[in-house]
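Hi there,

Here is the structure I promised to pass on to you. Have a look at it first, and then read my notes below.

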Amino acid sequence: GTLWVIGLTALIAFPIGVGAAVYLEEYAPNNRWTRLLKLNIANLAGVPSVVYGLLGLGVFVSLLNLGRTIISGSLTLALLILPVIIIASQEAIRAVPSSLRQAALALGATRWQVARDHVLPAAMPGIMTGIILSISRAIGETAPLLVVGAAAYVTFNPDGLMSKYTVIPMQIYEWARRPQAEFTELAAAAIIVLLVVLLFLNGIAIFLRQRASSRVRW
């Protein structure tokens with residue numbers, strides 16, 4: 001369930017977050033509306049996660065009638081981590097020297113070619129840092145998934161986007177609150193599994209970041 005939810009969250013949030021950052025930094029005019037939008041994105045990064053859970057319950061579960069399924073949980077977590085990805089990607093794009101853009105434009109490149117072939121590769125290490133932070137936050141969240149209907153206990157593996165599901169933090173919460181000593185040991189084991197999964201995913205992201213850094217030469 002954790003791999004399903006986090007994988008789908010990444011597929012939804014990363015393209016939208018990076019695309020929004022590219023638009024805000026490379027295309028959007030510097031006017032009052034753009035500044036207000038950036039301010040609101042920064043404010044959204046500090047909103048408690050349970051608020052996103054209530055939003056997901058109202059919009060994805062009830063309004064769109066997606067039910068208490070993997071897709072609802074993933075969309076809710078995608079909303080949760082989008083501000084983190086956008087802000088980190090903006091900072092990374094802003095750090096790319098303007099001379100790189102001017103040189104590409106002087107050689108006849110379009111604004112899209114400059115952003116795609118020069119700015120994004122140069123900013124990729126910083127963008128990957130934002131992805132690492134957002135994945136670390138999403139994989140440990142319990143409150144929003146609890147609100148949108150993650151099951152406390154399941155006896156089957158999810159097999160699709162509309163399946164019922166649970167995640168490791170939810171299982172830890174459920175086991176830790178039980179008084180029996182056996183469940184305390186299960187909760188401790190689940191915490192170790194969660195840390196291993198988190199370190200594995202972060203390790204992949206760090207590897208990709210280092211690989212991108214080695215290709216950047218200003």
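Let's begin with a term: a crossing of two helices is left-handed if the near helix is turned anticlockwise from the far one by less than a right angle, and right-handed if clockwise. Please keep in mind that this is a predicted model.

First, the overall picture. The protein has 9 helices and 0 strands, and along the sequence the pattern reads α-α-α-α-α-α-α-α-α. Its C-alpha atoms fill a box of roughly 70 × 40 × 30 Å along the principal axes.

Now to a pair of helices. Two packed helices are described by the angle between their axes and the distance between the axes. Helix 4 (residues 70–94) packs with helix 6 (residues 111–139) at an angle of about 150°, and their axes are 8 Å apart. Because angles over 145 degrees count as roughly antiparallel, helix 4 is roughly antiparallel to helix 6. The crossing of helix 4 with helix 6 is right-handed.

Which residues meet there? From helix 4 they include Leu77, Leu80, Ile81 and Val84, and from helix 6 they include Val119, Ala123, Gly126 and Ile127. By class, this contact has 13 nonpolar, 4 polar and 1 charged residues.

Finally, helix 1. Helix 1 (residues 2–27) has 26 residues, so at 1.5 Å a residue it should span 38 Å; its end C-alpha atoms lie 36 Å apart, which agrees. Helix 1 also bends by about 25° at Ala13, with a proline, Pro15, following within four residues.

Enjoy exploring!

Terms used:
Residues numbered from 1 in each chain as written. Predicted model: local features only at pLDDT ≥ 70, side-chain atom pairs only at ≥ 80, totals over all residues. Heavy atoms only, no water. Axes fitted to C-alpha atoms, helices over the stretch in contact; angles between N-to-C directions. Helix = DSSP H or I, 4+ residues; strand = E, 2+ residues; numbered from the N terminus. Parallel < 35°, antiparallel > 145°, perpendicular 65-115°, else oblique. Contact = heavy atoms within 4.5 Å. Nonpolar A, V, L, I, M, F, W, Y, C, P; charged D, E, K, R; others polar. Expected span 1.5 Å × (residues − 1). Bend = angle between axes of the 7 residues up to and from the residue.
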